[in-house]
Amino acid sequence: MAKAGHAWSRAAAEQGEAEEGEDPLDARIARTGCLEQHRRVQECMAERQDWRHCQEELRAFGACMARRQQRER
């Protein structure tokens, strides 16, 4: 089974923006400390096929990213 990723990851990897085999967006999100929340959103979307059914996961990811932004200020 292929790793879940983002459509533009191949082009970005070819441009050298990511380590071999690593999705560049996942790498950026990992640096935020919110990768687990992001993966939960991805898993929910894969299972439910409708973002409206993934509100809890989306809120958790958004809250994590907001906390990171606050720490950076």
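Helices are DSSP runs of at least four residues, numbered from the N terminus, and in this predicted model Gln37 is found in one of them, helix H3. Gln37 is buried, because its relative accessible area of 16% falls under the 20% limit for that class. Leaving aside residues up to four places away in sequence, Gln37 touches Ala60, Phe61 and Cys64.

## How the helices meet

Helix H2, which covers residues 24-32, and helix H3, which covers residues 35-48, have axes that come within 8 Å and cross at roughly 135°. That angle makes H2 oblique to H3. On the side of H2 the contact is made by Asp26, Ile29 and Ala30, and on the side of H3 by Leu35, His38 and Gln42.

The contact joins Ile29, Arg31 and Thr32 of H2 to Phe61, Met65, Arg68 and Arg71 of H4. Of the residues in the contact of H2 with H4, three are nonpolar, one is polar and three are charged.

## The disulfides

A disulfide is a covalent bond between the sulfur atoms of two cysteines. The structure holds two disulfides, and when the bonded cysteines of the protein are numbered in sequence order, the pairing is 1-4, 2-3.

The link of Cys34 and Cys64 is left-handed, with -90° about the S-S bond, and both Cys34 and Cys64 are buried. Cys64 is also one of the residues that Gln37 touches.

The other disulfide is formed by Cys44 and Cys54, with their sulfur atoms 2.0 Å apart. The torsion about the S-S bond of Cys44 and Cys54 is about -95°, so this disulfide is left-handed. The pair again links distant parts of the chain, ten residues apart, with Cys44 in helix H3 and Cys54 in the loop between H3 and H4. Cys44 and Cys54 are both buried.

## The salt bridges

Side chains of opposite charge can pair when their charged atoms come close. The structure holds three salt bridges, which are listed here with the distance between nitrogen and oxygen.

| Salt bridge | N to O distance |
|---|---|
| Arg40 and Glu36 | 3.5 Å |
| Arg52 and Asp50 | 2.8 Å |
| Arg68 and Glu72 | 2.2 Å |

Arg40 and Glu36 both lie in helix H3, four residues apart, which is about one turn of the helix. Arg40 counts as partly exposed at 43% relative accessibility, and Glu36 counts as partly exposed at 42%.

In the salt bridge of Arg52 with Asp50, Arg52 is exposed, with a relative accessible area of 57%, whereas Asp50 counts as buried at 16% relative accessibility.

Arg68 and Glu72 both lie in helix H4, four residues apart, about one turn of the helix. Arg68 counts as partly exposed at 25% relative accessibility, while Glu72 counts as exposed at 52%. Arg68 is also among the residues of H4 that make the contact with H2.

How values were computed
Residues numbered from 1 in each chain as written. Predicted model: local features only at pLDDT ≥ 70, side-chain atom pairs only at ≥ 80, totals over all residues. Heavy atoms only, no water. Contact = heavy atoms within 4.5 Å. Helix = DSSP H or I, 4+ residues; strand = E, 2+ residues; numbered from the N terminus. Nonpolar A, V, L, I, M, F, W, Y, C, P; charged D, E, K, R; others polar. Axes fitted to C-alpha atoms, helices over the stretch in contact; angles between N-to-C directions. Parallel < 35°, antiparallel > 145°, perpendicular 65-115°, else oblique. Disulfide = S-S within 2.5 Å. Buried < 20%, exposed > 50% of the residue type's maximum accessible area, 1.4 Å probe, protein only. Salt bridge = Lys/Arg side-chain N within 4 Å of Asp/Glu carboxyl O.
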